[in-house]
Amino acid sequence: MAEIRVQHLRKAFGDFVAVQDSNFVVEDGEFFVMLGPSGCGKTTTLRMIAGLELPTGGQILLSGDDVTMLRARERDIAFVFQLFALYPHMNVRKNIGFPLLAQGMPSAEIRTRVEETAKLLRIDHLLNKSVSGLAGGDRQRVALGRAIVRRPKCFLMDEPLGTLDTEFRDLMVHELRELHNRIHATTVYVTHDQMEAMSMADKIAVMNHGVIEQFGTPREIYDRPATMFVADFIGSPPMNFLGFGGGLAKGAREIVVQGAKVAVPEVREDIAPADMALGIRPEHIRFDDASKLRGAIYGTEYLGTTQIVAVETADGIIKARVPAEIRLSTGDHVGLTLSSARLSLFEKGSGRAVRTEIHDVASERRTQHG
Amino acid sequence: MSLTTAHSVVAPSSNSKRIAGAIIIAYALISIVPLLWIFATSFKTPPDSIAYPPKILFQPSLEGYCNLFTTRTRQTPEYINSLGPATGFCDETTRKRNMVIAGPSNFLPRFVNSLIIAFGSTFCAVFLGTLSAYGFSRFKVPLADDLLFFILSTRMMPPIAVAIPIYLMYRELGLSDTALGMILLYTAVNVSLAVWLLKGFIDEIPREYEEAAMIDGYTRLQAFWRTVLPQATTGIAATAIFCLIFAWNEYAFAALLTSGTAQTAPPFIPTIIGEGGQDWPAVAAGTTIFLVPILVFTILLRKQLLRGITFGAVRK
């Protein structure tokens, strides 16, 4: 098992920069997810860690050794591909044993190792089957088997659940995490699906246009998005933004949005006057007729336990997640109150989050634990 | 509203099926009749073969095959009678025509030449074609498109345009009338086809297979050998049969560049006519035997051949 350290990693394809100045550390035994829309450079980063692409600049360290320019086979890692890449001309047993064959392991030992692995993944009854007849979830398990059979330093997975049906996907998310808890292998997992990322990751890096926008635990990323991109990318529906103008002074506890005063977490830095945005998650909005922040109901999505209500305000549509029991009809005028403790503030120009009390509380808590 | 529209295919009516069937059968007959005629002629006696009106029903004879494999000399009846009893069917038949067998004909060595040259050049073309197709498919080759077009363009030239230069070059290089020379020539002609066909097939194989193997500890060549080749067998088989058919049937260059030791069957077969009158059954027998290897190969590989023709349009 190993720690992966990525330093100033950069990759350019001609004029197109796929990854720029990427820095992160995946600690030993951690489940690390790179999350982002397609084309954000997450797969390129993964392929560079694997040795399938060579970086234009920067360094990759595996357990402290510089592997930046090593061939894939010299790195002792395993890779699970989106399309699984199971060899159609081999059966399940041969597919799983294939990496061991490369090491010149005696066939009796390969046999035992393959069977152990298959048992771990509960596919021992499929060993002599052809891979082409397998269902999606079983193919996935065989691909995982091929990865773990060699007991490599770390696992790299490139959207391994991307082609599965929703039903299998939920099952596999659970199984993957469970497997990780059992074998504690350092894992780098690439996905564009925030649900997969949130439910499996110890740490997430949210990427966009080749840049890591935020690196942190799922909770940090959800509660304290570092940029407007992260706030918008994570959450379903995503964070709402309400524009407001003017600067912010250190210590400010209140802002004015659409003529209504809104209490915010104490601001911890001075911001020169500029276009700003107030970010609020849908579940932190409540309806309150007394509020001065008002809008008309545009539509509702009933979800059973909750409902998503779209409210048209002076600054566009705001989505709120409220209990399903509340009866609402389109066109109703409502007032909105925002839970002050959960608000985020952003500079619209750079998209950067303004430092407030919520960041300091979090770091204080972390130091206490540390 | 039907939801299946996107997937539905108009089912052919029974009438149109019948018409299509009739057209196919008619075309098949037109194509097959000359072959049947050759096949039938090979089992006729020389008088039957030139009978008018042509005989549809006749007493089959192996005389054509005897004549194909032997050379004969005309002798006086007295001399033939002075010989001992005939040693076999061919001997007997030959004596009836006032001839004796002088020795084996050149057909068998020519046929063997054809086998060596056709299979040898097919192997070389497919071997080189597979490796270059893999290279073009997987690596960033500078000017790849231009190179591929250049490779294809070697096929655009009519053979007659290069016939004289090749003849002169081969004479200088001592490649005239050698099996090696013919293998090189047919390989050069076929390799363009092989590269293009195989590139299509290899492009279809996801590169994740080799990448997976390379991560799992194999070198690129091992990965190619163990993961790409097994999946490219269909394409390789289709390509091989196309190359083989070309090399097997090629007449013009063979007639120009080979005359003796390396002569292949196609330029040899017509020369049978000259030996001892117009021996149509022997020519037909030679043609029939010549058809057999390609026929067997095509039947064995018909599925791959079909896939090769459709250029991978049919998904596995």
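Here are a few exercises on the structure above, each with a worked solution.

This is a predicted model, in which local features need pLDDT of at least 70, side-chain atom pairs count only at pLDDT 80 or more, and totals for chains, interfaces and linings use all residues. Residues are numbered from 1 along each chain as its sequence is written, while chains are lettered from A and ligands numbered from 1 in the order in which they are written.

**Exercise 1.** Work out which elements of domain 1 of chain A touch domain 2 of chain A.

*Solution.* Start with the bounds: chain A has domain 1 (4-223) and domain 2 (228-369), taken from an automatic or database domain assignment. Their C-alpha centres lie 36 Å apart. Next, find the contacts (C-beta atoms, placed from the backbone, within 7 Å). Eight residues of domain 1 of chain A meet six residues of domain 2 of chain A. Strand E9 (203-208), strand E10 (211-216) and helix H7 (218-223) of chain A each give two or more residues to the domain 1 side. Helices (H or I, at least four residues) and strands (E, at least two) are DSSP runs, numbered from the N terminus. H7(A) brings the largest share, three residues.

**Exercise 2.** Describe the side of chain B that touches chain A.

*Solution.* Count first: 13 residues of chain B and 17 residues of chain A take part. Then look at the elements: helix H10 (208-215) and helix H11 (220-249) of chain B supply at least two residues each. H10(B) has the largest share, with six residues. Finally, sort by class: seven are nonpolar, three polar and three charged. Here Ala, Val, Leu, Ile, Met, Phe, Trp, Tyr, Cys and Pro count as nonpolar, Asp, Glu, Lys and Arg as charged, and the others, Gly among them, as polar.

**Exercise 3.** Is Glu159(A) buried or exposed?

*Solution.* Locate the residue: Glu159(A) sits in the loop between strand E7 (154-158) and helix H5 (166-183) of chain A. Check the backbone: its phi is near 40°, a positive value in a residue other than glycine. Now apply the cut-offs: buried means 20 or more other C-beta atoms within 10 Å of its own, exposed 12 or fewer, and partly exposed in between, with C-beta atoms placed from the backbone. Glu159(A) has 20 other C-beta atoms within 10 Å, so it's buried.

**Exercise 4.** Find where the cis peptide bond from Ser236(A) to Pro237(A) sits.

*Solution.* Omega of this bond is near -5°. Pro237(A) belongs to the loop between helix H8 (228-233) and strand E11 (240-244) of chain A.

Note on methods: Two residues are in contact if their C-beta atoms, placed from the backbone, lie within 7 Å.
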